[in-house]
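Subject: Structure handover and notes

Hello,

Here is the structure we talked about. Please open it alongside this email and follow the notes with the residues in view.

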Amino acid sequence: MSLPIVKNYVNGEWTESESDTLGDVWCPATGEKIARVPYSTKADLDQAVRAAKDAFWEWRCTPPLTRSRYLFRLKEAFEENFDDIAETLTSEQGKIIDEARGEVRRMIENVEHATGVTTLMTGYTLEDVAKDIDCYGHRQPMGVFAAIAPYNFPAMVPWWFLPYALVAGNTFIVKPSEQVPMTQTRIFEIADEVGFPEGVINMLHGSRDVVNAMLDHPDIDGISFVGSTPTAKYVYQRCGETGKRVQSLGGAKNIVAVMPDACIDEGLPSIITSFYGCSGQRCLSGAILAMVGDIADQLREKFITAAKTIKMGNGLDEQTAMGPLASAAHRDRVLGYIEKGIEEGAELVLDGRGVKVEGYPDGFFIGPTVFDNVTPDMTIAREEIFGPVVSMMRLKNLDEVIELINSRGFANAACIYTQSGAVVREFKYRVKPSMIGVNIGIAAPMSFFPFGGAGNSMFGDIKGHGQEIFQFFTDTKVVIERWF
Ligand code: NAD
């Protein structure tokens, strides 16, 4: 049976890439190929950039309120197709349908937030900066921006950027992850019906070659990247060399600390979700469970009991609580980390290897896995595993927790469970990560707050969405004015 080949969207048209290199798209639950994806070339990119550049001036001169009305229409169109987007997402990425719905909701919230452009994009002004002289700064759009996305949030991540860039008057190109190209393709089909002017939004599929071409392209003004730390760092450096604006979000190794006074029973469901939601493939997932003081044994027992009840299956089945990993290659990588943990002396207390999921013998599944007595120097405590593998560590006090967190190179998120306000204050004051959860296991800022980490989890200064994003997508032009 021949598989569908996803298309690029350039200048308001669905176009075929000129490339004859194609990748496979898999359904992670069944282990079957479901589509093929072209690895677009520099020539494909040139066409998209030309279209975006040609569309820029007219779009830039369109009043912001008119631009935002496209987003209002887009929001309605997304709502009408909400379930369809979520199902496409689960089919190719594997996360459970409820998580896919949550992701689509977060995507739409960015569209909603960006419609506030008429207050969010305003500049500033001061009369009489000197005798009879006034000064004011406009935020002006700059040209063509692009987003390069990871595989774990195929719907949402490009929309941390696109609506803001667009409503600010720029034109845009999205490069989805080649592992999950169908979700963004579905989203662009919906956007196509909204009728943006040709060239204002574009999408190109592909892999590292087209990314390199984007990083080097003289007519792309800025890049928003989200992915693993090595790629994020590379993208940041290369954009520096080519003189582009860049915000580059990388990987994570998040610590969830549970203090002796924590309300375990109330907190446990969110602690479990932190580690096993999306099968651990979230940049905000818990990776290390830091059990402080005498709560450790009780917490370990309750955690493992709950982890054992997680129902695995195809994410499209409403009863499923945890789906597969997104690819066979990634499953094997996670299995490698489990081997490494055993080799380095961690105690494997729940083994998700070899899990059998009824009806899905070829899916890319690993069951909930728990290591106890992990030490800070072990590979599984240092590197991002990005799977359903928990490293339990036993710590004496808050100082040890903070030291552990600040000694990981990553600094994306950190969570604490406690009933003490004083402990929380100390924690949030001293830890490096930028997203903090207090009795919350996934510290995910909503669209109106900035999203991004510090250290090796983010290169650049302006984060995703939030109010500051308008700074990334505009240049402040300052006018100093005097009239005779
Ligand atoms: P990845 O770095 O492999 O790929 C991300 C994007 O970069 C893809 O579009 C891919 O085509 C491209 N790419 C990959 N290797 C490249 C190379 N050598 N040169 C040029 N382009 C390249 O990341 P992934 O595996 O798709 O995503 C998972 C990672 O993303 C995890 O590390 C996760 O923590 C991170 N992530 C971070 C955030 C955040 O907010 N910080 C959010 C989501 C995911």
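This is a predicted model: local features need pLDDT of at least 70, side-chain atom pairs count only at pLDDT 80 or more; totals for chains, interfaces and linings use all residues.

Residues are numbered from 1 along each chain as its sequence is written, and side-chain values use heavy atoms, with hydrogens and water left out.

**The ligand site**

Which parts of the protein hold the ligand?

Helices (H or I, at least four residues) and strands (E, at least two) are DSSP runs, numbered from the N terminus.

Now the polar contacts. A polar contact is a pair of N or O atoms within 3.5 Å; within protein, one must be able to donate a hydrogen and the other to accept it, and residues adjacent in sequence count only if both atoms are side-chain atoms.

- E178 places a polar side-chain atom 2.7 Å from an oxygen atom of the ligand.
- A149 uses its backbone: an N or O atom there lies 2.7 Å from a ligand oxygen.
- G227 has a polar backbone atom 3.2 Å from an oxygen atom of the ligand.

On its own, the ligand has 840 Å² of accessible area, and the protein covers 89% of it. Accessible areas come from the Shrake-Rupley method with a 1.4 Å probe; for residues, only the protein chains shown count as cover.

**The cysteines**

How many disulfides does the whole structure have? The search finds zero. A disulfide here is a pair of cysteine sulfur atoms within 2.5 Å.

Take C239. C239 counts as buried, because its relative accessibility is 0%. Buried means under 20% relative accessible area, exposed over 50%, and partly exposed in between (1.4 Å probe, protein chains only).

C283 is in no disulfide either. The nearest cysteine sulfur to that of C283 belongs to C278, 10 Å away. C283 is buried, at a relative accessible area of 18%.

C278 sits in the loop between α10 (264-276) and β13 (286-292). It is buried, at 5% relative accessibility. Its phi is near 55°, a positive value in a residue other than glycine.

**Loop residues**

N439 also has a positive phi, about 55°, and is not a glycine. It lies in the loop between β19 (435-438) and β20 (454-455). Is N439 buried or partly exposed? At 33% relative accessibility, N439 counts as partly exposed.

N412 lies in the loop between β17 (410-411) and β18 (413-417). It is buried, at 3% relative accessibility. Its side chain reaches the backbone oxygen of C283 at 3.1 Å.

H217 is in the loop between α8 and β10. At 7% relative accessibility, H217 is buried. Its side chain reaches the backbone nitrogen of D219 at 3.1 Å.

**Distances along the chain**

V258 is in strand β12 (residues 254-258). It is buried, with a relative accessible area of 1%. V258 and C415 are 157 residues apart along the chain, and their C-alpha atoms are separated by 8.5 Å.

L268 is in helix α10. It counts as buried, at 11% relative accessibility. L268 and Y417 are 149 residues apart along the chain, with 9.7 Å between their C-alpha atoms.

A168 is in the loop between α6 (162-167) and β8 (171-175). It is buried, at 0% relative accessibility. A168 and V235 are 67 residues apart along the chain, and 24 Å separates their C-alpha atoms.

Best wishes
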